[in-house]
Structures are given as structure tokens and as C-alpha cells.
Amino acid sequence: MIIGDEPSCNIYLRRMRIVDVIARKRDGHALSREEIDRFVAGVTDGSVPDYQASALLMAIVIRGMSDEETAWLTDAMVRSGERVDLSDIPGVKVGKHSTGGVGDKVSIVLAPLAAACGVVFPKMSGRGLGHTGGTLDKLQAIPGFRVDLGIDEFKRVVREVGTSIIGQSASLAPADKKLYALRDVTATIESIPLISASIMSKKLAEGCNALLLDVKCGDGAFMKTQESARALAASMVAIGTHAGVRTEAFITDMEVPLGRAIGNSIELVECFDTLRGRGPGDLEAVARRFASRMVVLAGLEREREAADVRVDAALSSGRAIQTLAKLVEAQGGNPRVLDDAALLPHVAEREVYRAARSGFIGAMRAEALGRASNLLGAGRTTVNDSIDHAVGVMVLAKPGDEVREDQPLLELHHRGGRGVEAALRMCHDAVTIVDAPPPARLKVIAEVR
Ligand code: URA
């Protein structure tokens with residue numbers, strides 16, 4: 001680890017009045033690098049009170065920030081804490097981040113798949129919040145699996161396995177932690193500069209040389225429209241590039257849950273199936289596309305075709321699933337779960353949601369289904385809630401499928417009926433049945449480089 005330099009020692013910066021910085025942004029001016037440094041340093045050391053920080057955040061939400069201001073904000077947030085030094089691990093270190101979705105288990109398939117292709121993939125992940133799931137929660141369904149490795153152990157696993165997935169250290173970008181908590185309660189989350197600086201400060205502090213972003217778009221995502229998803233992707237790619245990290249983004253569909261499982265244990269089983277070539281087509285397609293691009297970002301192949309061949313070989317040879325077994329074992333988990341799902345937390349009780357009429361599935365809205373799974377206990381509403389790894393929702397029919405009246409469309413895995421009534425109401429909100437099949441949706445909507 002190396003400690004960030006300390007711009008706030010500068011006397012000029014200490015004399016700068018935050019009230020003047022707020023007024024300048026309120027009046028639509030671009031902030032200077034020094035003003036942004038002063039603000040972030042003051043938030044980090046507590047010398048800028050919450051009311052002033054909140055006022056400036058609101059001024060940024062309303063007035064926006066240029067790409068340059070956003071890059072400076074990100075850089076100041078990175079320097080508010082530690083940065084992981086991965087330079088003693090050979091090879092190009094490629095990171096990945098998803099803006100979050102429902103049934104988004106891509107990282108758990110991608111980590112072993114990319115590593116089996118030769119990519120060095122250190123991954124720090126988050127927990128689920130709101131209707132979206134979190135990679136850490138899913139992995140913690142594996143008995144013994146540790147996500148709290150220290151940085152030295154994390155690096156040892158990356159060296160041995162090619163990948164490791166752990167929780168984000170609190171010492172990375174602490175300014176973001178404070179700002180995010182304020183934004184959450186001051187209606188200042190919805191701002192592309194603030195979201196991109198928040199995400200990118202944490203990712204850049206992780207110390208990778210290249211970064212592939214998954215910007216989810218649609219009903220179950222932060223970004224509901226393609227326009228906003230493209231703007232967020234472009235902003236984050238610009239920040240990464242400005243910081244000297246080769247950064248690219250895919251915009252992927254999150255109108256419908258990815259794959260068929262929404263929960264924790266049940267999503268893991270879907271990941272194991274996908275690594276064995278028996279998973280849902282949409283999940284496999286997204287994971288293959290990301291792995292292939294990571295092979296190129298790692299400099300292992302120049303062209304997509306050659307990278308695709310590597311990905312194919314990693315899957316068909318069984319190396320990808322073997323790499324997951326190694327990863328699980330290296331982080332203290334029981335690798336036998338890959339062959340015996342009964343070793344994962346599970347429940348026997350089921351309730352089904354049935355088609356109200358015959359026709360075609362027109363919509364299977366991701367957000368309502370994410371909420372249904374949470375109502376059963378699979379997610380949390382506040383960071384301190386505990387979750388039930390065993391429960392969740394299985395999607396039995398996807399948009400475009402022809403269904404008969406009374407056919408089971410969703411299967412609720414529940415514990416003693418907890419949340420079932422409310423979850424069934426959510427299922428009702430999620431599903432639309434129409435007379436003709438809707439147009440097929442692209443899973444990977446666009447690339448931003
Ligand atoms: N995720 C983050 O880490 N930050 C945001 O501002 C939004 C989503």
C-alpha cells in the first residue's frame with residue numbers, strides 16, 4: 001500500500017473558504033483543481049461540515065461538472081486514502097466493475113473464466129443494496145468462504161489462482177464513503193459526475209492497469225435509459241483514461257434479470273452451471289464477451305476472434321470451473337459445493353406465480369423481481385441487515401416465451417412463508433403477458449472506448 005500525497009497541507013488551500021467554493025458552483029462556474037482538493041481534503045479530515053458539503057453536492061447536481069472537474073474530483077478522492085500497489089504481481093492487472101443489477105452474477109463466472117484464459121484479475125466487490133444483489137453476499141453463501149482477506153493475502157491468491165474476490169477495504173477512497181453517505185440522505189445521488197467520481201475513485205485506488213466497466217441499463221439498473229447509461233459510461237471511461245488506466249465500458253441490458261436465478265445460493269449454482277457450459281444463454285453470452293475483451297485488455301491477444309478462441313478453450317476444457325474450485329479453496333471455502341449444491345444453504349419450500357392468461361411474456365421487470373427476492377430475505381434494506389442465502393426467485397419464463405394460462409412463471413424459494421404474500425404482489429407487477437412476442441433485446445447494447 002502507498003499513502004496518497006496530502007494537498008491540504010498547502011497554506012493557500014487552508015485559507016480558501018468553502019462558502020466561496022459553494023457560491024461559485026451555485027453560480028455555474030467551473031471549479032479549479034485547488035478548490036476541489038480543498039473540498040475533498042476538508043470532507044476527509046472533517047473540517048468541512050456536513051451542511052457545507054451537502055450544499056456543494058447539491059450545487060454540483062444542479063450545475064454539473066466538466067470532464068476535467070470530474071477527473072480532478074476523482075483524483076482527490078483517490079488521494080483521500082490508500083492505493084493498492086499491485087506492481088509486484090507480474091502482468092497487466094485488469095479490473096472490472098458493474099454498476100449493479102438483478103441476477104447480476106457476471107463477476108463470479110468471469111473471474112475464473114478470465115483467469116483460466118491467463119488474465120490477472122484482482123477483484124474488489126461490494127454488497128447488495130436496494131433491489132440489486134452483491135457479489136460478496138453471493139460468495140458468502142459458500143461455507144467458509146472469506147471475503148475479508150488482507151491485501152497481502154489477496155495478492156497471494158491473485159498470484160496463485162490468477163484472480164481473487166474480496167470486499168473493498170475501508171481505507172480506499174474514504175472521502176467517497178463520507179460523501180456517499182451524505183448523498184444518500186440529501187437527494188444528491190442522481191448526478192453523473194458524482195456517480196462516476198464515486199465509482200472510479202474506488203476502482204482507481206485498487207491499482208489495476210486496465211479496467212472494464214459493465215454499465216447496466218434498464219428497469220433494474222441505476223441508469224434506466226440508454227442515453228443516461230451512455231453518458232455515465234463515457235464519463236467513467238474519460239476519468240480512467242485521464243488517470244492513465246486503459247478503461248472501456250460495455251452497456252448491457254438490465255430490463256430483465258440476467259440468467260434465471262435471483263438470490264444468493266441459487267445464483268451460485270447458476271454460475272457453476274454456466275462454467276460447465278450448461279447455464280442460461282444470456283449469462284454465458286455476457287460472460288464470454290467480457291472475458292474476451294479482458295484477454296485483449298491484458299495484451300494476451302490483439303483481436304477479438306483470437307480472444308474468443310481462448311475463452312472457448314477455457315470453458316470447454318473444464319479449466320474455468322477448475323479455476324473456480326481453486327479460488328474457493330484459496331479463500332477458505334469448501335470447493336465440494338461446486339459438485340454438490342446441497343452443501344449450500346437451501347430451503348425446500350416453494351411457491352409459484354402462474355400466468356394469468358395465455359400469450360407471450362412481454363415484460364419480466366427486473367426491479368420488481370429484485371424486490372421480490374429481497375422480500376423473501378435474500379437482500380437487505382440497510383447495510384447492517386442480515387440476509388438469508390437460501391431464498392430467492394427462479395425465473396421460469398423470459399420475455400418472448402409463449403406461455404399457457406396457469407403455467408408457472410416464477411418460483412419463490414422461501415423460508416416458512418416469510419415475505420411470500422408481498423413477493424407474489426411484486427411478481428404480479430413484474431410480469432406482462434401480451435398477444436405477440438416482443439422484439440428480442442440485445443444483451444450487450446454498446447461498447448464505449
Ligand atoms: N455506486 C457507487 O459506488 N457510487 C455511486 O454514486 C453510485 C453507485
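## The largest cavity

By class, the lining of the largest cavity comprises five nonpolar, 13 polar and four charged residues. The structure described here is a predicted model. In this model, the lining of the largest cavity is formed by 22 residues, and those nearest its centre are Thr132, Gly133, Asn374, Ala378 and Gly379. The space inside the largest cavity amounts to about 140 Å³.

Three elements, helix H7 (135–139), E8 and helix H16 (366–375), each contribute at least two residues to the lining of the largest cavity. H16 gives the most, with three residues.

How many cavities of 30 Å³ or more does a search of the whole structure find? The search finds two. The second largest cavity holds about 50 Å³ of space.

The residues that line the second largest cavity are Leu73, Met77, Asp176, Leu179, Arg183, Leu194, Ala197 and Ser198. By class, this lining has five nonpolar residues, one polar residue and two charged residues. Helix H5 (67–79), helix H9 (174–185) and helix H10 (192–205) each provide at least two residues of the lining.

## The second largest pocket

Helix H5 also takes part in the second largest pocket, where H5 and helix H11 (226–242) each supply at least two residues of the lining. The largest share of this lining, four residues, comes from H5. The volume of the second largest pocket is about 320 Å³.

In total, 20 residues line the second largest pocket, and Val78, Arg83, Leu204, Ala243 and Val245 lie nearest its centre. Divided by class, the lining residues of this pocket are ten nonpolar, five polar and five charged.

## Strand E3

Strand E3 covers residues 94–98 and is mostly covered, with five of its five residues buried. Which residues of E3 point one way, and which the other way? Val94, Lys96 and Ser98 point one way, Gly95 and His97 point the other way, and all are buried. In a regular strand the side chains alternate between the two faces of the sheet.

E3 is joined by five bridges to strand E6 (residues 210–217), and the two strands run parallel. Within this pairing, Gly95 stands opposite Leu211 in E6.

Val256 is placed in the loop between strand E7 (246–253) and strand E8 (261–263). Is Val256 buried or exposed? Val256 counts as buried because its relative accessibility is 7%, and the cut-off for a buried residue is under 20%.

Which residues does Val256 touch, not counting residues up to four places away in sequence? On that basis, Val256 touches Met364, Ala366, Lys398, Pro399, Arg441 and Lys443. Sequence separation and spatial separation can also be set side by side for Val256 and Asp219: these residues are 37 residues apart in sequence, and their C-alpha atoms are 7.4 Å apart in space.

Definitions and conventions: Residues are numbered from 1 along each chain as its sequence is written. This is a predicted model: local features need pLDDT of at least 70, side-chain atom pairs count only at pLDDT 80 or more; totals for chains, interfaces and linings use all residues. Side-chain values use heavy atoms; hydrogens and water are left out. Buried means under 20% relative accessible area, exposed over 50%, partly exposed in between (1.4 Å probe, protein chains only). Contact means heavy atoms within 4.5 Å. On a 1 Å grid over the protein atoms alone, a cavity is a set of points where a 1.4 Å probe fits but cannot get out, and a pocket is an open set with protein on both sides within 12 Å along at least five of seven lines; lining residues have an atom within 4 Å of a point. Grid points are joined across faces, edges and corners, and a volume is the space filled by probe spheres set on the points. Ala, Val, Leu, Ile, Met, Phe, Trp, Tyr, Cys and Pro count as nonpolar, Asp, Glu, Lys and Arg as charged, and the others, Gly among them, as polar. Two strands pair if DSSP finds at least two bridges between them.
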